[in-house]
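Biologist: I am new to this structure. Please take me through it one question at a time.

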Amino acid sequence: MHRLLIANRAEVASRVARAARTRGIQTVGLYSDPDATLPYLDDVDEAVSLPGVSATDTYLNIVAVLDAARRTNCDAIHPGYGFLAESAEFANAVTTAGLTFVGPSAECVAAMGSKVQAKQLARKASVPVLPDAVITDATVDLAELGRQVGYPLLVKASAGGGGRGIRLVESADELAAAVTSAQREARTSFGDETVFLERFLAGPRHIEIQVFGDTHGNVVHLGDRECSVQRRHQKLLEECPASLVEAGLRAAMAEAAVRLAAEIGYVGAGTCEFLVQGDEYFFLEMNTRLQVEHTVTEQVTGLDLVALQIDVASGAPLPITQCDVTFTGHAIQARVCAENPHAGWLPSTGPIHRYWHPADDGVRYEDGVASGSTISPHYDSMITKVIATGGTRIDAINTLHAALTGLQLHGPATNVVALRSILADPDYRSGQVTVNWLEQRPDLVVAPPLPPHALATAVIASIAGESDRFALPAAWSNTARPPVQLTVTDDHGASYQVDYRPPARGGEAFGLFRIDGVQHTVRALSGDGARHRVEVDGIARNQSVRTDGDVDCDAQTRVWVNGTDGQSSFTVAPRFTESNIDAIAGGPTSPMPGTVLSVHVTAGQEVSAGDRLVVVEAMKMEHVIRASADSVVTGVLVETGQSVTAGRILVELEERT
């Protein structure tokens, strides 16, 4: 192998390029139009443009990807994860073109890429599975299939992964709509609308086994990972090894995974996922690719899994036997995503004004962005992965919490605050989590109030010579004046009124500083550019403050304050606001750029609070727009298949009287 095409983007492209470099292999990247400025292109030797925006036109375009390999004289292709990584058609096309596919054979990808066929193979290898039923074109009695499997159940896409194409069904009357929705999302995400029903376990844990095989018949496992902390069936925190697993159960799952991999002649890196309840375990699926969370296994085993992939694909035998695999310490990975946990984990998009973390804090960062990057609505919402390692699980938790606290990410809403809340929670710290634990703990995603230090720092920065960057009409002055009144809104919609009177001289306490009527004693102790030492009620903290640019008095300015208690962000509110009947009557606007998948109302129709109005697809996920009040539809402004911008009104409503 001399020249490797990386058929992916963002942080995984950088990861593969680094591993290839250790083997003396040149790398070629790919980039769509929105990705042309992303930093992963700095890590490859050259890159090929894939004109277009959508994943279908670019990273999922097999013809274009193979043409890029041909044009750049590549002799191998690494698929990364996501996109074409689990496409048997792609794996076959690569080898048919005379290139090396860094992954398992197309036959293995096809067998395990179908969850239905994978479960059949698991049964053959004596691996426990849950009761299920496949929905085919000939299926006419959904109700009977649902009764056979039992409620509650999941409707699941047979292809793909990432939590897409999955619907929880509590009762028979929900089944038909759930099947239709899951099929539509599966078709959009994976090009295969096959779905099946599977018994739903109420409180299982998600534990997976990393396996590795070579072309010489060797298969080993590299331990387990716990991935139980999830939202919308997608992982947030992953760790190695899994905690609170009895040794016998751990060994049984590992043996089952190796047995299944050997049964199908598996080559390369793969992961067998299990649901664990009590002392029982059930096969969920096998991912025939590198996992997003491979990093924690690397940290604990000391092995470079991507380099091993390249070696095995080149025909080399595994350099280790099962006895050689050892585990040291504990590692945890946090997926930092552009999403708002306080608004139902809704994805967010837009420019990143600043992205910074220490380079020498002993934490591993797998970056997908840099300052100046833009989060696009067309691909996955993950921004970066933060991986902490410690001698014990608690050491790793504490290190990861500190790293997330110090992360500076100015731009779209992220899940960082929620991740920190989870890491600090006693249940998580003791390992008492299940796959639905986070859904049962809404307190962990409650938006915290803005700290007084953050608001005071913003005010102090504005009166310390940076007033052109804030909508704050203030300056150091001896002249008596009425208090300045300021309203700010945090990223979750909560408003704060700040009333203040600047001190006569620098270093003195403010004559007045109230937040929502509560008086605070505030002093600016020192300041240097964006950094300020601010004292509030006798407690001093070092804080940095930045904004998104110059504004006039009534423009909305975004403000980010970073300090020892993490990052706070808010918007200086305009002095004049307009009422909006759409917000009152159900908020029928698109939450972000996307495509209308379906429209469920017509003009003149009466709707009740909670009724479905429109379904919009964005970032490969479906978002249901519902009415929040009893209303009458006075106009439908979009149609199925139409592209919409963020904030676009979809339906006009009037409140019912």
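Biologist: Which residues touch the most other members of the largest nonpolar core?

Modeller: A nonpolar core is a set of buried Ala, Val, Leu, Ile, Met, Phe, Trp, Tyr and Cys residues joined through side-chain atoms within 4.5 Å. Buried means under 20% relative accessible area, exposed over 50%, and partly exposed in between, with a 1.4 Å probe and protein chains only. The largest such core has 58 residues, and those touching the most other members are Leu4, Leu5, Leu30, Leu66, Ile77, Phe90 and Phe212.

Biologist: Which elements give two or more residues to this core, and between which domains does it lie?

Modeller: Helices (H or I, at least four residues) and strands (E, at least two) are DSSP runs, numbered from the N terminus. The elements giving two or more residues are β1 (3–6), α1 (10–22), β2 (26–31), α2 (62–71), β4 (76–78), α3 (88–96), β11 (219–231) and α10 (305–313). Domain bounds come from an automatic or database domain assignment. Both domain 1 (3–102) and domain 3 (205–445) supply residues, so the core lies between domain 1 and domain 3.

Biologist: How is this model to be read?

Modeller: The model is predicted: local features need pLDDT of at least 70 and side-chain atom pairs count only at pLDDT 80 or more, while totals for chains, interfaces and linings use all residues. Residues are numbered from 1 along each chain as its sequence is written, and side-chain values use heavy atoms, with hydrogens and water left out.

Biologist: How is α1 placed against α10, parallel or oblique?

Modeller: Axes are lines fitted to C-alpha atoms, for helices over the stretch in contact, and angles run from 0 to 180 degrees between N-to-C directions. The axes of α1 and α10 are 9 Å apart, at an angle of about 60 degrees. Angles under 35 degrees count as roughly parallel, over 145 as roughly antiparallel, 65 to 115 as roughly perpendicular and the rest as oblique. That makes the placement of α1 to α10 oblique.

Biologist: Which residues make the contact between α1 and α10?

Modeller: Contact means heavy atoms within 4.5 Å. From α1 come Arg15, Val16, Ala19, Ala20 and Thr22, and from α10 come Leu305, Val306, Ala307 and Ile310.

Biologist: Why is α9 largely enclosed by the rest of the structure?

Modeller: Helix α9 covers residues 294–301, and its buried residues include His294, Thr297 and Glu298. It is largely enclosed because seven of its eight residues are buried.

Biologist: How does α6 cross α7?

Modeller: Helix α6 (residues 142–149) and helix α7 (residues 175–190) have axes that come within 10 Å. Leu142, Ala143 and Gly146 of α6 make the contact with Leu175, Ala176 and Val179 of α7. The axes cross at roughly 95 degrees, which means α6 is roughly perpendicular to α7.

Biologist: Where is Phe510, and is it buried or exposed?

Modeller: Phe510 sits in the loop between β25 (495–501) and β26 (512–515). Not counting residues up to four places away in sequence, Phe510 touches Val459, Ile460, Ile463, Tyr500, Arg501, Pro502, Pro503 and Val522. At 7% relative accessibility, Phe510 counts as buried.
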